[in-house]
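Here is a quick tour of one protein model. Take a look at the structure first, then work through the notes below it.

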Amino acid sequence: MSFPANAADSIASTCAELVACGSLEMGAHRPGDAREIASLLPADTPVYVNHLPRHSLAESLASLVAVREAGLEPVPHIAARRIANREELETFVRRAVGAAGIRKALVIGGDEAAPRGPYADALALLRDGILQACGLREVGIGGYPEGHPRIPRAVLERAFEQKLEVAAAQGLAPYVLTQFCFAPARILEYCADLSRRAPATPVYVGLTGPTTAGTLLRFAQRCGVSASLRALRAQGMGAVHLVTHTDPSDQLAALARYCVSHANGSGVGVHVFSFGGVRAAAAWMNRYIASRGA
């Protein structure tokens with residue numbers, strides 16, 4: 001579909017703003033990446049440091065500190081079901097606040113079959129109050145445009161409402177960061193639903209960063225977003241190739257068109273999942289950010 005010149009300019013400008021107001025994910029085990037990506041991103045760009053099953057929370061501290069020293073905003077992932085005890089959580093958050101100056105965290109459930117400690121899910125961790133007690137100001141809540149592979153939608157929606165209530169009670173400003181999805185239409189439907197249910201809550205839409213088709217498919221299986229991929233496969237391989245290319249620009253443009261036509265929506269920016277390719281993801285972001293001054 002083509003747009004008039006002024007509409008095309010508006011879409012391009014919105015794409016650039018979504019990226020400039022967005023964030024990037026990097027690995028907990030690669031603190032050396034921080035300085036390199038800092039040369040490509042504006043100062044204070046949020047950089048999320050992941051919390052994978054093979055790493056403890058404490059192992060992410062070096063990367064969080066490196067992000068801060070590089071002039072970016074460090075944000076830890078905290079996977080509730082991977083935390084062994086309350087002391088581990090409190091020690092980590094206090095050290096991350098003191099050494100890396102973190103001000104917010106993304107709290108997720110984690111994919112452990114059974115909790116390693118006292119937190120069965122993100123809501124249980126939020127209710128504990130440690131984040132607020134340690135001085136955090138914001139909390140990120142996971143959003144699932146496709147739903148969750150193991151949690152019924154009604155349960156997921158109720159938990160979302162409860163997280164907002166707990167955050168408000170503790171004086172934490174909540175925002176939503178969504179899982180990536182292969183179907184832009186589902187992302188837009190999810191954003192529209194959030195605008196109705198929680199209009200004051202900012203939303204950052206997860207995008208798949210530049211990567212290979214094989215890597216993308218592997219992470220899709222691991223992250224539970226293969227439902228939309230199966231639906232697209234049913235439409236033929238052409239659709240599969242469309243969403244397994246190495247550049248997320250099509251999804252960004254779809255989101256920009258939505259934002260232009262829904263000026264009162266809660267979309268704020270994009271979050272780029274790097275899948276280990278953090279330099280390529282930062283370079284992709286840089287191209288859009290640089291275009292704002294063109």
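Three aromatic pairs turn up in this predicted model, if rings of Phe, Tyr and Trp (its six-membered ring) count as a pair when their centres lie within 6.5 Å. Being a predicted model, it is read with some care: local features need pLDDT of at least 70, side-chain atom pairs count only at pLDDT 80 or more, and totals for chains, interfaces and linings use all residues. Residues are numbered from 1 along each chain as its sequence is written, and side-chain values use heavy atoms, with hydrogens and water left out.

**Rings**
- F180 and F273 make an edge-to-face pair, with 5.6 Å centre to centre and 65° between the planes; planes over 60 degrees apart get that label, under 30 means stacked, and the rest are tilted.
- F180 lies in the loop between strand 6 (173-178) and helix 8, while F273 is in strand 8 (residues 267-273), so this pair ties together parts that are 93 residues apart in sequence.
- Both F180 and F273 are buried (under 20% relative accessible area, with exposed over 50% and partly exposed in between, using a 1.4 Å probe and protein chains only).
- Over at Y175, the charged end of K104 sits over the ring, 5.2 Å from its centre; for that, NZ of Lys or CZ of Arg must be within 6 Å of the ring centre and within 35 degrees of the ring normal.

- Helix 8 (residues 184-197) and helix 12 (residues 249-261) pack at about 35°, and their axes are 10 Å apart; the axes are lines fitted to C-alpha atoms over the stretch in contact, and angles run from 0 to 180 degrees between N-to-C directions.
- P184, I187, L188, C191, A192 and S195 in helix 8 meet Q251, A254, L255 and Y258 in helix 12, where contact means heavy atoms within 4.5 Å.

**Two loop residues**
- R82 sits in the loop between strand 3 (73-79) and helix 4 (86-100), and counts as buried at 8% relative accessibility.
- Leaving out residues up to four places away in sequence, R82 touches H51, L52, P53, E88, G110, D111, E112 and R116.
- D44, in the loop between helix 2 (33-38) and strand 2 (46-49), has a positive phi near 70°.
- Most residues other than glycine have a negative phi.

**The whole protein**
- The protein has 13 helices and eight strands, taken as DSSP runs (H or I, at least four residues, for helices; E, at least two, for strands) and numbered from the N terminus.
- Buried residues make up 51% of its 294 residues.
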